[in-house]
Every structure is written in C-alpha cells, then in structure tokens.
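Let's take a walk through this model, a few residues at a time. Keep the viewer open and click along.

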Amino acid sequence: MLTPLFEAMEPPEGTPRHLWFAIVLFVLSLLLTLSIPIWTPMLFKPQLLSDPFLQLPTEDSVRVVWFTEFPGIQHTVAYGEDLQQVVGATTTKLSRTREDRRSRVGTQTEDGEIYQTPTMRDIWRHEAKVTGLTPGVRVSYRVTSVDAQSREVSSNVFTLAPKPQPNTQLKILLTSDHQLMPMTAANLQKVEETMGRLDAVFLAGDLQNIPDRASEWFDDNRGGAFFPVLQGRAHYTLEKNGQTEVYTGGEIIQHVPLFPATGNHEVMGRFSMEKDLNEQFADAFPREIADRLYREKAAEINPEGSPVLRDRWLIDNSFNTITFNEIFTLPNNGGNENYYAITFGDVRLVVLYVTNIWRSPSLSPNRKGRYRERQQDVDNPEKWGFGQHIFEPIAKGSEQYQWLERELNSAEFKQAKYKIVMFHHPPHSLGGNVVPPYTNPVQRLEQDAIGRISVRYEYPPAQDYIIRDVVPLLESAGVQLVFFGHSHLWNRFVSPSGMHFLESSNVGNTYGAYWQDKKREVPKNYREEYVATGDPNALDPVVPTLVPLVDETGNTLPYLASNDISAFSIFDTATGVVSSYRFDLRKPAAPAIKFDEFKLK
C-alpha cells in the first residue's frame with residue numbers, strides 16, 4: 001500500500017535505496033504512533049492534490065484552479081504555444097476541511113485507526129485567470145507549484161478555452177449525485193469513452209457525501225473521490241458477477257468548465273471539533289431557530305455585541321456551505337454564492353439553490369425523521385431536527401424568487417436559444433425523495449391516551465414551493481428543460497405546456513423507483529396524505545423513446561433504477577437533442593446504449 005509513496009520519494013545522493021526505505025518506514029511508524037497524518041510534507045517530494053480544473057469562463061478568459069497540501073512560494077499556469085505565456089495564481093487556504101474517524105484516507109481503512117476526533121487538514125487552493133483567449137480556439141496549459149524548499153511539481157498538459165460564442169456546437173454532460181458511489185468512476189469513464197471531448201459539465205448537486213471531509217473531495221483511499229473521478233485519476237475497484245474491474249473515471253474537467261448546483265450534500269450542519277463529521281452533517285439546524293437561541297443567550301455569547309461574532313455563531317450553530325463555496329468559483333450575479341446564471345454558447349443556464357435537509361422517512365420513535373422527532377428528545381428542542389427544513393427560501397416573494405424573476409426577464413435569458421434551469425430537489429419523480437412536498441414543515445404536538453407528547457411534522461401539498469411558485473414561473477418564461485437530481489434514478493416528464501423535466505441521477509447507485517406495487521414509506525395517520533407510488537405531482541413518466549428496459553414480464557419501464565446499470569445524459573446544442581445512455585457494469589467491455597432522446601424546441 002505504501003509503494004506509491006516510496007516511488008514519490010528520492011533517496012539522498014549516495015544513500016542506498018534499501019537503507020532509505022528503512023529510514024522512511026521508521027519515520028512513518030513514528031508518525032502513525034503519534035497520530036500525525038502520513039502526508040506530512042517534509043518527507044516527500046511536493047505533489048498536487050488535484051489536477052487543475054476550469055471555472056468561470058468569459059468571452060476571453062477562464063479560471064484555472066488546483067489544490068496542494070503546502071502553501072508554496074509560487075504557483076503558476078503556463079499556457080499558449082510552447083507554454084511560453086505564464087500567469088501567477090492567487091492562493092487561499094480552505095478553512096473547514098478536516099478528517100475524522102470515518103475518513104478513508106492514507107492508511108486509515110477502518111473507523112478510528114488514526115483519527116479519533118475531527119482534525120483540521122491544511123489544504124491550499126490556487127486560482128489563476130488566463131486571459132487573451134479567442135472563442136473556439138483551444139490552448140494548451142500546465143500548472144506548476146513550488147514549495148518552500150523551491151521544489152517544483154507540475155501537472156500534465158491539458159487544454160482550455162474561453163466561453164463559446166452562440167451557434168457553436170457543444171456537447172454538455174448532465175450528471176448529478178456522484179457521492180463516491182460504486183458506479184460513479186465507471187460512469188464517467190464510459191462518458192469519456194463514448195463521447196470523447198465534452199464542452200461543459202452541468203452537475204445538479206450532491207458532489208460528495210460530507211463536504212467538510214477533505215478526502216471525499218481529493219483522495220479517499222477507496223479510489224472514488226470527487227475530483228479523481230472527473231479527472232481520470234480514480235482507482236475504484238468494482239466486482240460484478242465475479243469479475244473485478246478498476247475504473248479511473250474520465251479526464252473531463254481539466255479541459256471543460258464545471259457548473260455545479262448546491263445539493264443537500266454540499267451543506268454542513270452545526271460545527272464541532274468533537275462530534276464526527278457524519279453527525280455534524282446530519283445536524284443542520286434551521287437558521288431562524290438558531291437566531292432565536294442566539295437572542296436568548298446573546299449577553300453570554302457576545303457581551304460586546306460584535307456583529308462578526310454574531311454572524312459566525314449563527315453559521316456555526318445552524319448550517320453552512322463554506323467548503324463548497326471555497327472550492328468553486330461561480331458566477332456572482334445572484335447576490336448569493338449558491339444561485340447564479342451564465343450564458344454558455346446557445347445555452348442560458350440558471351442554477352437555483354433548491355434543497356433541504358434529508359431526513360429518514362422512518363416513523364420509529366427512535367429516529368429523527370421527516371415526520372417526527374425522536375421521543376427521547378421531545379423535552380430538549382436543541383436536539384430536534386425540525387423535519388426536512390429548507391436551506392434557502394424559494395417561495396414567491398423570497399430574495400431568490402425575486403432574483404429568478406429578474407433573471408427570467410433579462411435580455412441574456414430571453415435571447416438564449418436554449419433555456420435550462422438546474423437545481424437539486426425534484427419537482428417530478430418516481431424516487432423516494434420527491435415526498436414529502438417541498439415546503440416548510442408544519443410542526444404539530446400530539447398527545448396520546450396516556451398523556452405522552454410527540455412532535456410531528458406535516459407538509460401541505462398545496463404549499464409545495466416548487467410546484468406552486470417556481471414551475472409556473474419557469475413555464476411562463478419559456479424554459480425548455482428543468483434538470484435535477486436527488487433520488488438516484490433516471491426518469492423524465494413533460495408538462496402539458498411542453499416543458500421537459502429530467503432526472504439523470506442513476507450515476508453511482510440507486511435507491512429504487514416507486515412505481516406500481518412498490519410504495520414509499522409514508523405516514524398513514526397524519527392530517528395530510530402523502531403519495532406512496534408514482535409522481536406525487538401528477539405527471540406521467542415518459543417511457544424511453546429508443547430502447548427502454550423491461551420488467552420480468554416484458555412490460556416497458558418508464559425509468560432506470562439499477563445498481564448494475566448506470567446512466568448519463570448529453571445535451572447536443574447543434575441539434576437541441578438530449579440523449580441518455582446506459583451501460584451494464586456486468587458487461588464492462590460492452591458499449592453504452594442510447595436508450596432515450598428528446599428535442600428541446
């Protein structure tokens with residue numbers, strides 16, 4: 001397991017290699033004994049933590065971003081013919097990246113082998129703006145970082161380009177819900193094999209599982225971290241039917257820009273340096289409740305009345321997207337880092353922050369769920385989950401909704417040939433996460449026959465903000481495609497007005513489709529009724545137009561929900577066609593099959 005580390009180290013001149021390895025082994029054992037991470041930089045040649053990737057293209061520029069585990073003294077991008085032009089990078093340090101007992105990083109392959117509590121992991125981000133570019137012209141580039149000992153490390157040579165002009169043929173990958181799932185690396189490898197060079201990636205949220213766990217972004221030792229699978233550097237081993245394959249993912253985002261939406265897995269809950277990161281992730285707390293608690297304790301928490309301390313306390317005691325926002329450079333035209341719009345060739349892409357905390361549908365009194373609190377927490381509201389509360393308001397009149405209204409009335413939007421809106425939460429789906437309705441939970445206190453109080457949550461369907469407020473606005477503005485994720489399956493729908501809805505999230509795994517006899521876990525004795533099967537918002541799923549799957553009796557299926565078959569979707573702007581492909585990981589050498597297509601009008 002340590003062989004790659006040895007290969008990265010050069011013995012001092014005159015030192016026998018076997019003696020040098022013996023010294024290194026001794027030092028490594030000492031570091032492990034002291035619980036010091038084995039990537040301590042003094043031992044090894046400098047390494048890039050990620051390949052570069054592309055962000056925020058304009059008409060004549062693009063940002064190049066990469067990461068290291070050392071601050072360095074110089075970070076540059078060389079580009080152009082013979083890489084003769086050089087631009088320096090701005091370096092910042094990620095503020096919340098950590099590892100913990102559940103990390104799979106370095107030599108930790110079981111819980112708590114190295115880390116017992118959350119431990120800060122120092123990671124530096126480097127961003128350079130490459131300018132003077134010409135639309136339609138690809139330029140070679142390479143990044144180089146120099147550490148404090150003046151040792152250099154460089155990436156391979158990749159290509160970049162600025163934002164494409166209208167009428168440029170583009171192939172855009174539509175994907176979501178990667179989350180280090182078993183089939184993700186294979187999926188992206190098949191994308192590259194099938195499509196060749198893409199032009200952009202639209203990713204509808206849930207990039208990883210725990211956003212503050214550094215290894216999930218960069219170097220999870222199981223081989224399927226977020227950046228490696230999108231950069232062809234993964235090494236994910238997958239066994240199907242007794243046949244083992246190692247998948248590397250696809251070399252994609254080194255060459256094309258990535259546009260992500262914020263999913264629920266980009267949001268961390270209440271901050272702690274004692275609780276493990278999974279527990280913190282699941283402990284998101286409504287901001288308005290945190291604000292109420294702050295005001296009750298303000299004299300104790302913040303006796304000087306510092307607004308900086310107040311804001312920091314509210315973030316630490318509710319939820320945040322700090323790591324996601326620090327990693328990506330996205331258009332800042334929404335007044336909020338998590339919703340934005342950009343024109344890319346013939347496409348106007350509008351990205352919304354539409355996601356809520358995921359909670360279990362279980363009605364067990366011992367679960368902090370969608371529909372109830374744990375019985376043991378009833379007398380302690382600071383331990384409540386408050387149901388599936390929404391992170392950013394999108395109801396009519398909210399700041400985000402008003403921004404969306406302005407965007408849909410903008411010249412950039414109206415002039416675009418293709419109008420696509422992307423967010424995480426499904427408006428229509430056969431999956432489990434489309435229920436309950438997307439609305440603020442209504443809390444109800446119930447008392448049983450013996451006087452025991454329980455805390456329940458209801459979600460009135462008539463107050464579903466996506467269906468009630470957002471979808472009518474999008475339809476009236478002429479949006480052709482709403483792209484989303486969250487339920488880990490492929491299905492699509494068309495509204496009576498002709499607006500398309502696509503969920504292409506059977507990328508890394510599935511949790512199934514609730515169709516016909518398969519029913520969601522929903523409460524039956526609540527005031528509201530919750531739909532157990534089919535789309536709760538009254539659209540029929542579209543059967544794939546080319547090669548649909550069939551069930552065991554030969555009936556065609558209007559969805560793909562499989563842990564053996566993975567899917568991806570491609571939008572071709574030259575034809576306006578969205579094509580979906582599937583491939584069976586039990587037959588790794590077989591080509592991908594185009595099983596559905598539809599055209600945006």
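## Around Ser 566

Leaving out residues up to four places away in sequence, Ser 566 touches Met 183, Asn 187, Asn 506, Val 507, Tyr 581, Arg 582, Phe 583 and Leu 585; a contact here is heavy atoms within 4.5 Å. Ser 566 sits in strand E25, residues 565-572. Helices (H or I, at least four residues) and strands (E, at least two) are DSSP runs, numbered from the N terminus.

Ser 566 is buried, at 0% relative accessibility. On this scale buried is under 20% relative accessible area, exposed is over 50%, and partly exposed is in between, using a 1.4 Å probe and protein chains only. The side chain of Ser 566 also reaches the backbone oxygen of Val 507 at 2.6 Å.

A word on the source: this is a predicted model, where local features need pLDDT of at least 70 and side-chain atom pairs count only at pLDDT 80 or more, while totals for chains, interfaces and linings use all residues. Residues are numbered from 1 along each chain as its sequence is written, and side-chain values use heavy atoms, with hydrogens and water left out.

## Another serine, and a loop with a cis bond

Ser 429 lies in the loop between strand E19 (418-422) and strand E20 (442-447). Is Ser 429 buried or exposed? Ser 429 is buried, with a relative accessible area of 0%. Its side chain makes a polar contact of 2.9 Å with the side chain of Glu 503. A polar contact is a pair of N or O atoms within 3.5 Å; within protein, one must be able to donate a hydrogen and the other to accept it, and residues adjacent in sequence count only if both atoms are side-chain atoms. Beyond four places in sequence, the residues touching Ser 429 include Val 434, Ser 487, Phe 493, Arg 520 and Asp 535.

Pro 436 is found in the loop between E19 and E20 too. A cis peptide bond, with omega about 10 degrees, joins Val 435 to Pro 436.

## Two positive phi values

Most residues other than glycine have a negative phi, and most peptide bonds are trans. Asn 241 has a positive phi, near 55 degrees, and is placed in the loop between strand E14 (236-240) and strand E15 (243-247). Asn 241 counts as exposed, at 66% relative accessibility.

For His 488, phi is near 60 degrees, again a positive value in a residue other than glycine. His 488 is in the loop between strand E22 (481-484) and strand E23 (490-494), and counts as buried at 2% relative accessibility.

## Helices H10 and H12

How do H10 and H12 lie relative to each other, roughly parallel or roughly antiparallel? Helix H10 (residues 399-408) and helix H12 (residues 465-476) pack at an angle of about 5 degrees, with their axes 11 Å apart, so they are roughly parallel. The axes are lines fitted to C-alpha atoms, for helices over the stretch in contact, and angles run from 0 to 180 degrees between N-to-C directions. Roughly parallel means under 35 degrees, roughly antiparallel over 145, roughly perpendicular 65 to 115, and the rest oblique.

H10 brings Tyr 401, Leu 404, Glu 405 and Leu 408 to the contact, and H12 brings Asp 469, Val 470, Leu 473 and Leu 474. Leu 404 is buried at 0% relative accessibility, and its contacts beyond four places in sequence also include Val 350 and Leu 352.

## Nonpolar cores

The largest nonpolar core has 71 residues, and Phe 67, Phe 202, Phe 227 and Phe 328 have the most contacts inside it. Such a core is a set of buried Ala, Val, Leu, Ile, Met, Phe, Trp, Tyr and Cys residues joined through side-chain atoms within 4.5 Å. Apart from it lies another core of 40 residues, including Phe 319, Ile 390, Leu 408 and Leu 474.

## Arg 359

Arg 359 is found in the loop between E18 and H10 and is buried, at 4% relative accessible area. Its side chain reaches the backbone oxygen of Gly 385 at 3.1 Å. A polar atom of the Arg 359 side chain also lies 3.2 Å from the backbone oxygen of Gly 387.
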